[in-house]
Amino acid sequence: MMAAQLKVEKMQLLSPPMDLVASVLQKSLQKNFAEVEVHMVECPDLRKEPFNLVAQGLGGNNKILDVGGVPNLTPKLKKDKIYNLDDVAKLVGSKGAFLIGAGAGPYKAVGVNSEMMANVRTKGGDENPQTGTYISKVDTKDGSCKLCRLPQGCNDFALMANLLASDGKQGKVLQVKAKRRTGELNFVDAMRFGLKDHFGNEPVGLGGTFAVLNGKAHIHVMPDFPKEPLLTTDDINNWLHFYDMAAPLVFLGVLISHDTGYDLRLEHFHGFSSLHGEGGHYHWDVTPDEIEYLGYFVLSDVLYRIDRATVD
């Protein structure tokens, strides 16, 4: 789609002090994990293991982008909803931005519907453009998950995406460590619900990356597009393919504590394991006694809702 044709809505987010957010996350995660450490630290070089991103950090000009949405997939599939990471960065005034996050892959380039793990330095800035994006798809022959790295410059995606845009600079970040899950909430929901409980109807947004260092996570991967409309939750779950994937896994995405009326996806993280050749959409961990998370996150004071999807 032509970027100039896309409607852009701007939503202000609360940007509380990072040390306050660290305290809130520490308390909420302790309700669900036996060992928790949340600190404000200097961002490590995220180009290194285990993250292997295309930029050093998450800092500078932070923006959260919510593009399209699930109504582009269900109940009525809208295959014409094709977007481009370079275009959406330019659309929000962030040419040359570092973009990471979760979305649907470029089916025209891949050949089938897929999950996208966006990891891109977009065009138009001082840094050289770089594509480190992975997609995961379902093998039509045996139903296994296949991970592929997109070629340089292949920055299209389809249907939806939830992204963090930044300058990719190092700086202060929230380092979040959690081990041994004792509660029912997954890692992402434990953080999001904690923010919601503390800040109420004032929306707080976090974006970044986390690694599963030990244990396994429950992941879904979309197969090729459904032949019939997905009308119910059961329809969707029966269509999706689910897998339990082993560490190491690296997830990318964003979370929002509260929607003030923009039809937001409140959390969305996709991950990959280049070691095991698989990846997809994060649900929860399935090895509570073994699970170990390490994450790095930044706050954003603005969210851009781009081409808000509607149910026809």
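Helices (H or I, at least four residues) and strands (E, at least two) are DSSP runs, numbered from the N terminus. The model is predicted, so that local features need pLDDT of at least 70 and side-chain atom pairs count only at pLDDT 80 or more, while totals for chains, interfaces and linings use all residues. Residues are numbered from 1 along each chain as its sequence is written, and side-chain values use heavy atoms, with hydrogens and water left out.

In the loop between strand E2 (33–42) and E3, Asn-61 has a phi near 55°, a positive value in a residue other than glycine. The loop between strand E3 (63–68) and strand E4 (82–84) holds Pro-75, which is joined to Thr-74 by a cis peptide bond with omega of about 5°. Pro-248 is placed in the loop between strand E14 (241–246) and strand E15 (249–256); the peptide bond from Ala-247 to Pro-248 is also cis, with omega near 0°.

Helix H1 (residues 18–30) packs with helix H4 (residues 187–199) at an angle of about 120°, their axes 8 Å apart. Axes are lines fitted to C-alpha atoms, for helices over the stretch in contact, and angles run from 0 to 180 degrees between N-to-C directions. H1 and H4 are therefore oblique to each other (angles under 35 degrees count as roughly parallel, over 145 as roughly antiparallel, 65 to 115 as roughly perpendicular and the rest as oblique). Where heavy atoms within 4.5 Å define contact, residues of H1 including Leu-20, Val-24 and Leu-29 meet residues of H4 including Phe-187, Met-191 and Phe-199. This contact of H1 with H4 has 10 nonpolar, 3 polar and no charged residues; Ala, Val, Leu, Ile, Met, Phe, Trp, Tyr, Cys and Pro count as nonpolar, Asp, Glu, Lys and Arg as charged, and the others, Gly among them, as polar.

Pockets are found on a 1 Å grid over the protein atoms alone, as open sets of points where a 1.4 Å probe fits, with protein on both sides within 12 Å along at least five of seven lines; lining residues have an atom within 4 Å of a point. A volume is the space filled by probe spheres set on the points, which are joined across faces, edges and corners.

The second largest pocket contains about 190 Å³ of space. Val-24, Ser-28, Lys-31, Gly-194 and Asp-197 are the closest to its centre among its 13 lining residues, and H1 and H4 are the elements that give two or more residues to this lining.

The largest pocket has a volume of about 420 Å³. Its lining comprises 23 residues, with His-220, Ile-236, Leu-240, Arg-265 and His-281 nearest its centre.
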